[in-house]
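Hello,

Here is the structure for you to look at. My notes on it follow below.

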Amino acid sequence: MAPKNYDYRNDFVLHVMLTTRCTMRCQHCSFSCEPDKGEDMATATAIQAIKTAQELDLVVALGGGEPTLHPDFEEILGCAVGMSLKTGLVPWIATNGSQEQRTKRMFPLAKAGVVTAFVSNDRFHDRSQVSHDVLRMYREINRVFGEFSDAGLVKMGRQKEGLDTRCAVPQLLVWTDGSVRLCSCADAPSLGHIGQDAAAMMRLALHTTRTRPGLLNCWKVLPEEDRWMIRQRLMNHQAEQAHKEYVT
Ligand code: SF4
């Protein structure tokens, strides 16, 4: 299947928080990560999350914290890439680039387009932790994020310090303990554990998406008796589109 890159606005994504550990303490970190704190997701939970994403036709975003700090990062990334070869949905990952060897090992996958991997290098990140080699490699494929414009990040802030002003991940998110949340906000309700029945999760996930592709993904997994919700959403979507076209 031809690989398809992640479209933030239109794809339905499952964010998998591999860890809340990090080597940096960025001012804009919505998860308030910092060195010497945090926890890793169990590897089995991460694999289960990837399998669930495959079942539901979702793009997997491997996040954190700094995802490359997870002790089994390579195994998990390998599993996500294996899934994408079957579904055509390319996994997405952002790293702070501090783990030089792991970031370099991931590069051929990024270059081949089987992983959409970014190195974050905006003014908030500790650039002293990232080697010139890593930056040179990822610049070559245009995958250094925030170097020239980080305007989108300035309103973000450390959630636990009350500085957070927007939701960093307005999509389904699997926390390090395996709980599935509607988004990344501190008060986001949990839908249960990643091992739960997929259709039940998607039913609740309908509340998180207003995009047509997202709704069509839901359609595929929901039983007939629950599809009325999608019909209603699609009708609303069409009405909104028609209204937008009318007023512009
Ligand atoms: S590198 Fe990422 S996870 Fe770490 S503190 Fe910065 S924004 Fe947070």
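What share of the contacts in the chain with a separation of 6 or more comes from residues 24 or more positions apart? The share is 66%, where two residues are in contact if their C-beta atoms, placed from the backbone, lie within 7 Å.

This is a predicted model, in which local features need pLDDT of at least 70 and side-chain atom pairs count only at pLDDT 80 or more, while totals for chains, interfaces and linings use all residues. Residues are numbered from 1 along each chain as its sequence is written.

The chain has seven helices and eight strands; these are DSSP runs, numbered from the N terminus, with helices being H or I of at least four residues and strands E of at least two. Of its 248 residues, 39% are buried. Buried means that 20 or more other C-beta atoms lie within 10 Å of the residue's own, exposed means 12 or fewer, and partly exposed is in between, with C-beta atoms placed from the backbone.

Helix α1 covers residues 43-56. Its buried residues are T45, A46, A49, I50, T52, A53 and L56. They lie on the same side of α1, because they cover an arc of only 160° around the axis, the arc being that of the directions from the helix axis to the C-beta atoms. An α-helix has 3.6 residues a turn, so residues three or four places apart point the same way. After α1 comes D57, with a positive phi near 65°.

R227 sits in the loop between α6 (212-221) and α7 (228-247). R227 is exposed, because it has 12 other C-beta atoms within 10 Å. Apart from neighbours within four places in sequence, R227 is in contact with W219 and L222.

Regards

Technical notes:
Expected span 1.5 Å × (residues − 1).
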